[in-house]
Amino acid sequence: MRQGRADEYAEFAAARAGHLYRSACLLTAGDTHLAEDLVQETFGRLYVRWGRVCRVGNPAGYAQTVLTRTFLAHQRRRSSRERATDVFPDLPGAADGDAPLRLTLMAALARLPAKDRAVIVLRYWEDRSVEETADVLNVSSAAVRTRCVRALGRLRELLGEDLAEYSRP
């Protein structure tokens, strides 16, 4: 890679790392170690294709797409030795008064299937349109809308009245 493109890539990676990490934490339902691995894999894939990616109109969107697809691929090949846990590590920024709310939301997200979690994160954390989400996940817009409705319904079931006790007056 030429020095100019390498500098451009380094600048892009530095600017997007925090955002991608936060998205990865949500996708992994709080597994910060896996989130770091996913972001690293995303940056590795971007580096290899940076010559083409930098000419794309929205390299940040491309990076988010790569992150989401990397997460879904990881979910498909999860080792049978790995076990999910309901114990969450201390998350950065959780020192404020919203810690119980964040833990409750992360626990509820963890109980959703991977694709439903991806739809929720893309639609409501990344604030993407139905069409953009469908593009990232390689599904139809109708499938995104259906998954969204079902995933939100499942979250409401899981959270029930618990969420009201954490809301601020």
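**A walk around helix α6**

Hi everyone. Let's start with helix α6, which is mostly covered: nine of its twelve residues are buried. Before going on, please keep in mind that this is a predicted model.

Which residues of α6 are the buried ones? They are Ala 114, Asp 116, Arg 117, Ala 118, Val 119, Ile 120, Val 121, Leu 122 and Arg 123. What do they pack against? Their partners are α1 (3-27), α4, α5 (99-110), α7 (130-137) and α8 (141-159).

Just after α6 comes Asp 127, with a positive phi of about 55°.

Now over to α4, one of the helices that the buried residues of α6 pack against. Tyr 62 sits in this helix, which covers residues 59-76. Is Tyr 62 buried or partly exposed? Tyr 62 is partly exposed, because its relative accessible area is 31%, between the 20% and 50% limits. Leaving aside residues up to four places away in sequence, Tyr 62 touches Leu 46, Arg 49 and Val 53. From Tyr 62 to Val 136 there are 74 residues in sequence, yet their C-alpha atoms are 8.8 Å apart in space.

Last, a word on cysteines. How many disulfides does a search of the whole structure find? It finds zero. Cys 25 is buried, at 10% relative accessible area, and Cys 148 counts as buried too, at 7% relative accessibility.

Conventions. Residues numbered from 1 in each chain as written. Predicted model: local features only at pLDDT ≥ 70, side-chain atom pairs only at ≥ 80, totals over all residues. Heavy atoms only, no water. Disulfide = S-S within 2.5 Å. Buried < 20%, exposed > 50% of the residue type's maximum accessible area, 1.4 Å probe, protein only. Helix = DSSP H or I, 4+ residues; strand = E, 2+ residues; numbered from the N terminus. Contact = heavy atoms within 4.5 Å.
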